[in-house]
Amino acid sequence: MKLYIAEKPSLGRAIASALPKPHQKQDGYIKVGSGDVVTWCIGHILEQAEPEAYDPAFKKWQLEHLPISPSQWKLNPKRNTRKQFTAVKKLIKQADTIVHCGDPDREGQLLVDEVINHVGVKSDVKQGLQRCLISDLNTSAVKKSLSSLKPNSEFAALSISALARSRADWLYGINMTRAYTVQGQKVGYRGVVSIGRVQTPLLGLVVKRDLEIDGFTPVNYYDVLAHLSSDKQPLFSAKWKPSEACSPYCDSEGRVLNRGLAENVVSRITKQTATVKKVERKSKKQAAPLPYNLSSLQIDAAKRFGMSAKVVLDTCQSLYENHKLITYPRSDCRYLPAAHFNQASNVIDAISLTVELKNECASANTSLKSKAWNDSKVVAHHAIIPTSMRSKGLLSKAEHQVYLLIATQYLMQFYPNWEYVDGV
């Protein structure tokens with residue numbers, strides 16, 4: 001029996017839809033027509049054991065116990081997903097072949113790997129373990145992914161990096177939180193002082209920035225603009241650039257801080273004749289911005305629509321899982337596999353159903369190939385782009401806004417460079 005292990009139920013259903021029918025839905029898995037089985041995790045169904053699992057004495061927080069550093073790491077099934085873990089464990093023991101279908105990132109790689117390793121499999125099953133990378137939940141795309149499986153061993157480094165991060169979080173968080181909390185108790189603090197590998201430095205940056213804002217003292221600076229006109233050219237403005245002789249009266253960015261100096265320049269040039277001594281014009285080109293990864297999408301959605309990072313991620317997950325309108329959203333890559341270029345026409349046809357982008361789709365030139373298509377820049381996952389799926393349901397306002405951003409960024413890849421003249 002071949003067992004497909006997905007990261008979550010929605011991905012499991014998408015995989016099953018691409019496999020032979022009839023399907024038998026069971027508790028925690030789907031059996032397909034070929035006799036193979038699709039099951040799933042529900043996120044991380046295993047978690048790092050608490051310190052007291054290594055030594056009962058660690059249940060009491062004491063400085064003499066620190067640092068706590070396990071020699072053999074332990075994982076335990078999460079309480080709220082224990083039932084699903086039991087189902088997955090039973091299926092793993094029965095499988096002759098296992099296909100790892102975790103999300104195409106390091107957490108997705110580790111999430112399924114750790115379950116397989118925790119349960120334990122025969123050496124021949126371990127050696128034959130395969131990896132399926134799915135970034136588009138549409139049936140045709142899933143079928144294509146299932147037909148191009150790779151050895152799971154090729155992704156060992158990805159899993160190890162996620163494992164290292166997980167253990168670093170545990171070591172730092174457990175030891176530092178206990179150390180600071182115990183020290184706080186000595187001076188009368190009764191709460192828990194939570195310390196995290198990521199949260200504490202990030203909080204420090206926020207606090208530092210807030211203090212800088214609170215302590216900021218505004219300082220006036222002065223620009224001088226000359227409004228010029230001639231018989232041959234309409235009114236235009238020129239900005240005075242202070243000479244080195246003015247540097248004692250300027251800040252580090254060359255802005256004049258002395259009002260008297262600026263007023264003196266104004267009085268000297270008012271109603272005077274100006275002479276243009278030199279004109280420089282440079283022709284420049286600017287390529288389209290690359291398709292989005294998650295962080296760049298979150299930045300633009302915040303600027304355009306005031307969305308928080310969490311709202312953008314949740315909206316992307318809905319567009320990916322529920323509507324199947326975009327590819328895998330938790331991506332840190334802004335490039336696309338070269339093979340995706342041949343799908344451009346179908347993707348643009350799907351985008352064209354969006355009224356706001358109908359004209360842009362009609363004008364897109366699919367013979368143009370931007371620098372976004374670059375296999376050497378793509379590892380486990382690629383940039384976030386629309387799929388060829390045509391929307392069947394009504395999108396929420398947030399879903400529509402995020403989809404517009406993703407679709408627009410994709411369409412830009414099929415337009416020529418912006419050409420302009422930079423004149424000085």
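**View 1. Glu114 and the side chains around it.** Glu114 touches His44, Leu46 and Leu75, leaving aside residues up to four places away in sequence; contact means heavy atoms within 4.5 Å. This is a predicted model, in which local features need pLDDT of at least 70, side-chain atom pairs count only at pLDDT 80 or more, and totals for chains, interfaces and linings use all residues. Residues are numbered from 1 along each chain as its sequence is written, and side-chain values use heavy atoms, with hydrogens and water left out. Glu114 is found in helix α3 (residues 106-119). Helices (H or I, at least four residues) and strands (E, at least two) are DSSP runs, numbered from the N terminus. Is Glu114 buried or exposed? Glu114 is buried, yet has no salt bridge. Its nearest side chain of opposite charge, Lys78, is 8.0 Å away. Buried means under 20% relative accessible area, exposed over 50%, and partly exposed in between (1.4 Å probe, protein chains only). For charge, Lys and Arg count as positive and Asp and Glu as negative; His and the chain ends are not counted. A salt bridge is a side-chain nitrogen of Lys or Arg within 4 Å of a carboxyl oxygen of Asp or Glu.

**View 2. The salt bridge of Arg197 and Asp169.** By this rule the model has 14 salt bridges. In one of them, the closest N and O atoms of Arg197 and Asp169 are 2.5 Å apart. The pair links distant parts of the chain, 28 residues apart. Arg197 is in the loop between α6 (156-186) and α7 (199-214), while Asp169 is in helix α6. Arg197 is partly exposed at 32% relative accessible area. Asp169 is partly exposed too, at 34%.

**View 3. Further salt bridges.** Asp251 and Arg255 meet at 2.8 Å, N to O. Lys278 pairs with Glu280, with the closest N and O atoms 2.8 Å apart. Lys278 is exposed, at 61%, whereas Glu280 is partly exposed, at 30%. Lys8, Asp103 and Glu321 are linked in a network of salt bridges.

**View 4. Backbone exceptions.** Most residues other than glycine have a negative phi, and most peptide bonds are trans. The bond from Lys21 to Pro22 is cis, with omega near 5 degrees. Pro22 sits in the loop between α1 (9-17) and β2 (24-26). The bond from Leu66 to Pro67 is also cis, with omega near 0 degrees. Lys271 has a positive phi of about 60 degrees, although it is not a glycine. Lys271 is exposed, at 83%.
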